[in-house]
Amino acid sequence: MIDEIHLQYPFMGRRRIRTELIKKGHNVNCKRLVRIMREMGIGAIYPKSKTTLANKAYKIYPYLLRDIEVTYPNQAWAIGITYIPMAKGFLYLVAIIDWYSHG
């Protein structure tokens, strides 16, 4: 039953698989379910965070503002970008700031 649920819904973790099993009339303990899933080698499939893994093929550029003091407007700018998932699609949010007025 666990394998059937996992094949149908590979994104489900142990909690949702347990809920599906209960709906089908099989009351199973969470610890036992985790053990069985581990033995079967199955788990939820979802995008894992890989933000800290550096790619050795890319050049690392030096931080150019390390020893510079920003003393007037328009001397140094910074930009930030983030991804925001929406109900239908996604959105990119971009912020541009002046380091002088950031303070």
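In this predicted model, helix α2 (residues 14-23) packs with helix α3 (residues 30-40), and the angle between them is about 110°. The two axes lie 10 Å apart. Angles of 65 to 115 degrees count as roughly perpendicular, so α2 is roughly perpendicular to α3. If you look at the handedness of this crossing of α2 and α3, you will find that it is right-handed.

Which residues make the contact? From α2 come Arg14, Ile17, Arg18 and Leu21, while α3 brings in Cys30, Leu33, Val34 and Met37.

Let us turn to the aromatic rings. How many aromatic pairs does a search of the whole structure find? There are four. A pair of aromatic rings is described by the distance of the centres and the angle of the planes. Take Tyr9 and Phe11 as one case: their ring centres are 6.1 Å apart and their planes stand at 75°. Planes over 60 degrees apart count as edge-to-face, so the pair of Tyr9 and Phe11 is edge-to-face. Elsewhere in the list of aromatic residues, Tyr83, Phe90 and Tyr92 form one cluster.

| Residue | Relative accessibility | Class |
|---|---|---|
| His6 | 9% | buried |
| Tyr9 | 29% | partly exposed |
| Phe11 | 45% | partly exposed |
| Tyr58 | 62% | exposed |

The reasoning behind the classes needs just two cut-offs: under 20% is buried, over 50% is exposed, and partly exposed is in between. Tyr9 at 29% therefore counts as partly exposed, and so does Phe11 at 45%.

Where is His6 found? His6 belongs to helix α1 (residues 2-8). Its relative accessibility is 9%, so His6 counts as buried. Leaving aside neighbours within four places in sequence, His6 is in contact with Ile42 and Gly43.

Now for Tyr58: is this residue buried or exposed? With a relative accessible area of 62%, Tyr58 is exposed. Tyr58 has its place in the loop between α3 and β1 (77-86).

Methods
Residues numbered from 1 in each chain as written. Predicted model: local features only at pLDDT ≥ 70, side-chain atom pairs only at ≥ 80, totals over all residues. Heavy atoms only, no water. Axes fitted to C-alpha atoms, helices over the stretch in contact; angles between N-to-C directions. Helix = DSSP H or I, 4+ residues; strand = E, 2+ residues; numbered from the N terminus. Parallel < 35°, antiparallel > 145°, perpendicular 65-115°, else oblique. Left-handed = near helix turned anticlockwise from the far one by under 90°. Contact = heavy atoms within 4.5 Å. Phe/Tyr/Trp six-rings, centres within 6.5 Å; stacked < 30°, edge-to-face > 60°. Buried < 20%, exposed > 50% of the residue type's maximum accessible area, 1.4 Å probe, protein only.
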